[in-house]
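Me: Please take a close look at one part of this model. I want its packing first, then its surroundings.

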Amino acid sequence: MVDNSQDNNVMGLSAGQGSADDPAYTVEQALYNLQQTEDPSARYYAAWWIGRFRVSDPVAIDALLTALEDESDRSPDGGYPLRRNAAKALGKLGDRSVVPALIKALDCEDYYVRESAAQSLEMLADAQAIPALIQLLAGGIEAAQQVEGKPHLRQPYEAILEALGTLKAREAISLIEPFLEHFVQKVQYAAARALYQLTESSIYGERLVTALGEKDLQVRRSALMDLGAIGYLKGAEAIANTLAENSLKLISLKGILEHHLSKESTQDLDEESIKVMMLMDGLL
């Protein structure tokens with residue numbers, strides 16, 4: 001799981017902008033800032049704000065699609081900050097008409113734009129994205145190496161694998177399996193998460209449970225979110241006992257409970273549901 005949190009203090013807020021909870025910053029202001037081109041930082045913040053508050057106005061979507069192809073806002077390393085925020089926001093608005101634009105964004109030279117696009121395509125859950133996502137796995141694990149001089153791999157493999165799992169891309173199983181042996185642990189666990197979703201084999205769920213015992217807190221946090229996302233009921237007790245923040249454990253258990261309840265045919269709580277609820281109660 002990738003942390004997408006934003007810090008307003010790092011965003012270079014300019015006049016006319018405000019913090020996320022600033023009542024003076026309105027939908028109208030956000031739309032104006034996103035459409036103007038004189039102040040890149042104002043556009044950047046507006047794209048984030050529109051996604052944060054799920055402003056699904058057609059004008060907002062059109063403006064975000066324009067921002068997704070912006071050439072003016074470039075970072076010192078050559079990236080496209082505005083495109084990144086636009087890609088993230090489009091996934092949060094729930095409008096599948098933007099899927100072709102996000103698929104196109106998977107070809108962007110900016111790694112973080114590709115990552116944001118993959119995450120948004122997962123959120124929109126439209127199967128037409130599957131071929132393009134599979135294409136990013138070209139070369140397999142041998143090609144999935146660190147980019148020289150960069151803090152990331154050749155492709156955003158975590159986001160790609162997670163998206164393929166959510167999209168039920170069973171045709172990608174043989175391509176995903178080798179990533180269980182990738183040298184980056186989070187990529188391994190993203191592959192396990194996807195394979196559980198595609199096969200429902202407990203061997204992959206248990207691999208994520210094992211990750212809860214890793215020394216690295218970030219890995220444990222990631223495994224918590226993965227287990228919640230796939231609804232791995234057998235991992236509930238291990239989640240409750242993980243050395244991590246109770247807030248994250250509660251989120252994970254909530255995901256498991258919701259997933260389990262969605263599969264039940266009656267409104268009555270069964271023994272497993274009650275057990276998960278008791279584990280959650282113990283964390284409060």
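Predicted model: local features only at pLDDT ≥ 70, side-chain atom pairs only at ≥ 80, totals over all residues.

Reply: Numbering starts from 1 along each chain as its sequence is written, and side-chain values use heavy atoms, with hydrogens and water left out.

The part to examine is helix α11, residues 185–199. Helices here are DSSP runs (H or I, at least four residues), numbered from the N terminus, and strands would be E runs of at least two. α11 has 15 residues, which should span 21 Å at 1.5 Å a residue; its end C-alpha atoms are 21 Å apart, so the two agree. The expected span is 1.5 Å times one less than the number of residues.

α11 is mostly covered, with 12 of its 15 residues buried. Buried means under 20% relative accessible area, exposed over 50%, and partly exposed in between, with a 1.4 Å probe and protein chains only. The buried residues run from Val187, Gln188 and Tyr189 through Ala190, Ala191, Ala192, Arg193 and Ala194 to Leu195, Tyr196, Gln197 and Leu198. Their cover includes α6 (111–124), α9, α10 (173–176), α12 (202–211) and α13.

Take α9 next. Two packed helices are described by the angle between their axes and the distance between the axes. The axes of α9 (residues 157–166) and α11 come within 8 Å and cross at roughly 5°. That makes α9 roughly parallel to α11. Axes are lines fitted to C-alpha atoms, for helices over the stretch in contact, and angles run from 0 to 180 degrees between N-to-C directions. Under 35 degrees counts as roughly parallel, over 145 as roughly antiparallel, 65 to 115 as roughly perpendicular, and the rest as oblique.

Which residues in α9 and α11 meet? From α9 come Tyr157, Glu158, Leu161, Glu162, Leu164, Gly165 and Thr166. From α11 come Lys186, Val187, Ala190, Ala191, Arg193, Ala194, Gln197 and Leu198. By class, this contact has 8 nonpolar, 3 polar and 4 charged residues. The classes are nonpolar (Ala, Val, Leu, Ile, Met, Phe, Trp, Tyr, Cys and Pro), charged (Asp, Glu, Lys and Arg) and polar (the others, Gly among them).

Leaving aside its neighbours within four places in sequence, Ile176 is in contact with Leu161, Leu164, Ala191, Ala194, Leu195 and Leu198. Contact means heavy atoms within 4.5 Å.

The core comes next. The largest nonpolar core has 90 residues, and Ile50, Leu64, Leu102, Leu133, Leu164 and Ile176 touch the most other members. Such a core is a set of buried Ala, Val, Leu, Ile, Met, Phe, Trp, Tyr and Cys residues joined through side-chain atoms within 4.5 Å. α11 gives the largest share of this core, 9 residues.

Leu64 lies in helix α3 (residues 58–67). Leu64 is buried, at a relative accessible area of 0%.

Now the loops. Glu200 follows α11, and its phi is positive, near 60°. Glu200 is a residue other than glycine. The loop that holds Glu200 runs between α11 and α12. Glu200 is exposed, with a relative accessible area of 58%. Lys168 also has a positive phi, about 60°, although it is not a glycine. Lys168 sits in the loop between α9 and α10. With a relative accessible area of 40%, Lys168 is partly exposed.

Leu136 belongs to the loop between α7 (130–135) and α8 (140–143). Is Leu136 buried or exposed? Leu136 counts as buried, at 9% relative accessibility. Residues up to four places away in sequence aside, Leu136 touches Leu106, Gln155, Tyr157 and Ile160. Tyr157 is also one of the α9 residues that meet α11.
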